[in-house]
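Visitor: I have this structure open for the first time, and I would like to learn how to read it feature by feature. Could you take me through it slowly?

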Amino acid sequence: MSGTERYDSCVLFLIRRTFLTGELSRIRPFYFHYMAMGDIRLPRHMFLWSMSVIYMFAFASLYIQIPGLYGNDGILPARWQLRYTGKSLLEQLRDSPTLLWLGPRFGLDTQQGMELICILGSLLGLGAMVLEPLRNSIVFFCLWVLYLSLFQVGQVFLYFQWDSLLLETGFLAVLIAPLTLPRGGSPSRQHDGVTFWLARWLLFRLMFASGVVKLTSRCPTWWGLTALTYHYETQCIPTPLAWYAHQLPVWLQKLSVVGTFVIEIAVPFLFFSPVRCLRLGAFYLQVLLQVLIILTGNYNFFNLLTITLCFSLLDDDHVLSFIGRAKKAESKTWPEAVASGLASLTGLCVCGLMAYLTVVYFSLDIDWEKASVSSHTAFTYHQFNWFLKTVTVPSIWTGVLSLTWEIIKAMFKCACVRGVFWKLTATAQWAVFATAAVCMFAISTVPYTLIEYEAQGSIWPAVARTHSSVARYQLVNSYGLFRRMTGVGGRPEVVIEGSMDRVTWTEIEFMYKPGNVSGPPPAVAPHQPRLDWQMWFAALRPHAQSPWFTGLVQRLLQGKRDVINLVQVEESRYPFSHSPPAFIRARLYKYWFTELREDGSLPRQWWRRQYVEEFYPTVHLGDPVLESMLSQHGLKDKGVVRRVSNALLPRALGQVRAQVQGLSGPSALWSLFITGLTISFLRALSSRAFRTRGPKPLPVELLGEKTEEAPSPPAPCPEEEEEVGDEVEEEEVGDEEEEVEEEEVVEEKVKGEFATDHDGRGDMEEKRLESEAS
């Protein structure tokens with residue numbers, strides 16, 4: 001008997017039995033296991049687990065740097081951002097939504113408040129990483145509020161696109177995560193497909209905009225396909241592999257730029273394809289791009305966050321097949337075989353069309369003699385601008401159709417729920433979350449249309465006003481990475497020098513950014529050294545456009561240890577660890593990666609450099625020039641610093657800070673991550689040992705329900721039965737496949753199930769209880 005015939009016989013038998021017993025709802029779980037496809041439970045778990053890890057990285061990375069960046073003796077003290085003018089707490093929260101307003105109520109100053117927020121965020125992220133029950137809407141809402149509170153006072157050191165992306169993705173996680181009930185139960189989740197779709201839409205906006213801005217900026221390196229010949233050495237903090245990638249032949253670098261354009265501009269439209277193989281292909285192409293960026297550049301948690309968004313393109317079947325737990329293949333009926341063949345043919349046609357257009361618009365030509373591929377852009381800026389005008393508004397309507405389809409599917413699931421109360425509950429949840437998804441999609445169109453000027457006119461004024469009213473919460477944002485390639489004539493780099501006598505100068509080397517030409521590039525991701533990043537931006541323009549640089553110079557002259565820890569954690573590597581320099585200046589250099597020697601051997605140095613000009617004049621404490629710039633930029637100390645309270649909470653924060661003092665960012669982050677993995681591993685071992693030693697549990701019935709002492713209310717939706725661990729779910733699937741082997745076995749088990757009494761304790765349950773008692 002084939003698999004399909006066995007399923008048909010089981011369904012018919014259950015229908016016959018349930019009509020006779022009057023319990024029609026018992027066929028629901030098995031029926032939908034037979035009919036439903038494309039479940040997203042596992043990708044949703046992967047998304048939420050990854051968000052927990054990323055939050056942990058983000059909070060822990062910032063915690064290490066708070067004293068030097070935002071402390072009372074930091075570069076930009078955060079207390080300057082909170083002005084207590086006698087307003088009520090609600091008015092303060094309305095003006096600047098941050099929990100730091102509550103600090104004085106607990107005896108904390110602004111620095112201590114930020115440290116407490118980072119500790120709470122790191123612990124919540126670690127807990128959600130280890131414990132699945134903590135991956136719920138409440139926890140993710142707390143994480144989002146905590147990070148938003150830091151963002152409000154973070155100033156220039158927190159104004160990166162990945163910080164905005166984390167806040168937007170974090171808010172989506174609040175909608176995607178389950179809302180756990182007080183007693184541990186989980187409500188129906190018919191709307192999972194709707195809320196998870198928002199992550200796919202965000203991924204589309206991020207990738208499409210990142211590809212478009214490279215061409216709309218009219219950067220000659222992107223249009224000439226030579227951007228990557230400069231990128232590896234001019235990015236903020238390259239990795240050691242970036243040096244080797246820089247040595248690749250030019251034709252391969254240009255071909256890589258072509259691949260980047262295809263992945264970022266053309267492939268994102270496949271995210272909404274009804275053909276499953278196209279979505280999976282788009283997933284792997286996006287992940288490939290992000291992995292290559294991770295290998296060659298230190299972009300903190302940004303690439304991990306992008307990969308996390310890519311999980312919205314997967315389904316349970318593909319995840320199970322990837323880990324080797326795929327369901328046994330069953331013989332297909334002729335309509336299923338025809339549909340599968342048409343889907344494969346459609347996928348081949350789309351891939352072939354994309355390959356053909358790539359060859360045409362980038363003039364790809366293979367030179368077999370030189371074993372290379374020549375390429376150049378075969379379209380003009382005006383042609384691309386016409387293309388952008390043509391697809392921007394239709395892409396929004398594509399999103400409308402895709403979201404509408406997800407909402408209709410969720411509505412159909414609600415209609416299939418048994419029981420009037422559960423049906424009303426599921427419908428109410430569907431209405432709430434569908435409305436939230438529509439609102440999030442609507443306001444996201446405002447920043448999305450910034451890529452094309454004329455498309456902004458098609459946005460409804462009410463939507464634009466709504467976006468303006470919620471802009472402070474960073475719910476939706478505009479994106480566009482690597483708009484222009486900097487450092488074409490050489491990587492600009494600021495080198496700070498100190499002296500005790502104004503004659504002998506010593507370079508102050510940073511931990512991560514290039515300085516010493518013999519020092520190898522570091523690997524610091526997912527940690528983001530925010531001062532090193534801002535030093536990269538400062539080198540691109542005069543120091544007057546980077547006011548914080550004057551604050552850095554002042555703190556180094558004062559010898560503030562918190563700021564010095566941002567430069568060098570090890571005192572032995574900081575040349576003025578015993579006494580601060582009397583004079584400081586900054587000089588501008590151009591850096592380049594070294595090349596391979598003529599014999600193909602590796603050079604002794606990683607970098608070569610050339611002096612360009614003075615970046616910052618020679619100053620000392622009390623210097624009129626320094627005082628003038630501090631006053632001009634508003635960096636002079638304002639007011640009296642609050643006294644440190646002797647309360648329990650401030651003293652506890654001081655003890656925690658003392659324990660991590662001298663610990664580098666990457667060390668702290670990886671220590672937390674390894675701790676989380678170790679705890680998860682030990683919990684898995686103990687759980688497996690308990691199952692091995694304990695009594696053999698009753699096999700999962702074909703009805704999809706577990707026999708319990710006091711059965712809880714039935715799950716309202718076929719896909720939303722009580723969630724268990726992934727491993728247990730996979731074992732149950734395997735048990736079901738083994739149990740559906742013979743129709744006689746099915747009938748015997750179903751009869752045993754229907755033999756249970758009103759309390760759910762039939763003969764089978766009594767036997768199980770007796771075995772457990774023995």
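Visitor: To begin with a charged pair, what do the side chains of Glu493 and Lys513 meet in?

Guide: They meet in a salt bridge, with 3.1 Å from N to O; the term stands for a side-chain nitrogen of Lys or Arg within 4 Å of a carboxyl oxygen of Asp or Glu. Glu493 lies in strand E3 (residues 491-499) and Lys513 in the loop between strand E4 (506-508) and helix H20 (530-538), so the pair ties together parts that are 20 residues apart in sequence. Both Glu493 and Lys513 are buried, where buried means under 20% relative accessible area, exposed over 50%, and partly exposed in between (1.4 Å probe, protein chains only). Helices (H or I, at least four residues) and strands (E, at least two) are DSSP runs, numbered from the N terminus.

Visitor: What should I know about the model itself before I go on?

Guide: This is a predicted model, in which local features need pLDDT of at least 70 and side-chain atom pairs count only at pLDDT 80 or more, while totals for chains, interfaces and linings use all residues. Residues are numbered from 1 along each chain as its sequence is written, and side-chain values use heavy atoms, with hydrogens and water left out.

Visitor: How many helices and strands does the chain have, and what percentage of its residues count as buried?

Guide: The secondary structure comes to 28 helices and six strands, and 50% of the 774 residues count as buried. Contact means heavy atoms within 4.5 Å, and among contacts between residues at least 6 apart in sequence, 77% join residues at least 24 apart.

Visitor: How should I read the packing of two helices, and at what angle do H8 and helix H18 pack?

Guide: One compares axes, which are lines fitted to C-alpha atoms, for helices over the stretch in contact, with angles running from 0 to 180 degrees between N-to-C directions. H8 and helix H18 (residues 420-448) pack at an angle of about 10°, with their axes 10 Å apart. That makes H8 roughly parallel to H18, given that angles under 35 degrees count as roughly parallel, over 145 as roughly antiparallel, 65 to 115 as roughly perpendicular and the rest as oblique. Among the residues that make the contact are Trp197, Trp201 and Arg205 of H8 and Phe433, Met440 and Phe441 of H18.

Visitor: What is a nonpolar core, and how many residues does the largest one have here?

Guide: In soluble globular proteins, nonpolar side chains tend to be buried together. A nonpolar core is a set of buried Ala, Val, Leu, Ile, Met, Phe, Trp, Tyr and Cys residues joined through side-chain atoms within 4.5 Å. The largest one here has 178 residues, and those with the most contacts inside it include Ile496, Trp548, Phe549 and Leu552. Helix H8 (residues 192-216) supplies the largest share of this core, 15 residues. A second, separate core has nine residues, including Val53, Met56, Ala60 and Leu669.

Visitor: Which residues does Phe549 touch?

Guide: Leaving out residues up to four places away in sequence, Phe549 touches Val494, Ile496, Met535, Ala586, Phe615 and Tyr616. Val494 is found in strand E3 and, at 0% relative accessibility, counts as buried. The C-alpha atoms of Val494 and Ala539 are separated by 5.6 Å, although these residues are 45 residues apart along the chain.

Visitor: How many residues of helix H21 are buried, and what covers them?

Guide: Ten of the eleven residues of helix H21 (residues 548-558) are buried, so this helix is largely enclosed by the rest of the structure. What covers the buried residues of H21 includes E3, H20, H22, E5, strand E6 (607-619) and helix H23 (624-632). Just after H21, Gly559 takes a positive phi of about 70°.
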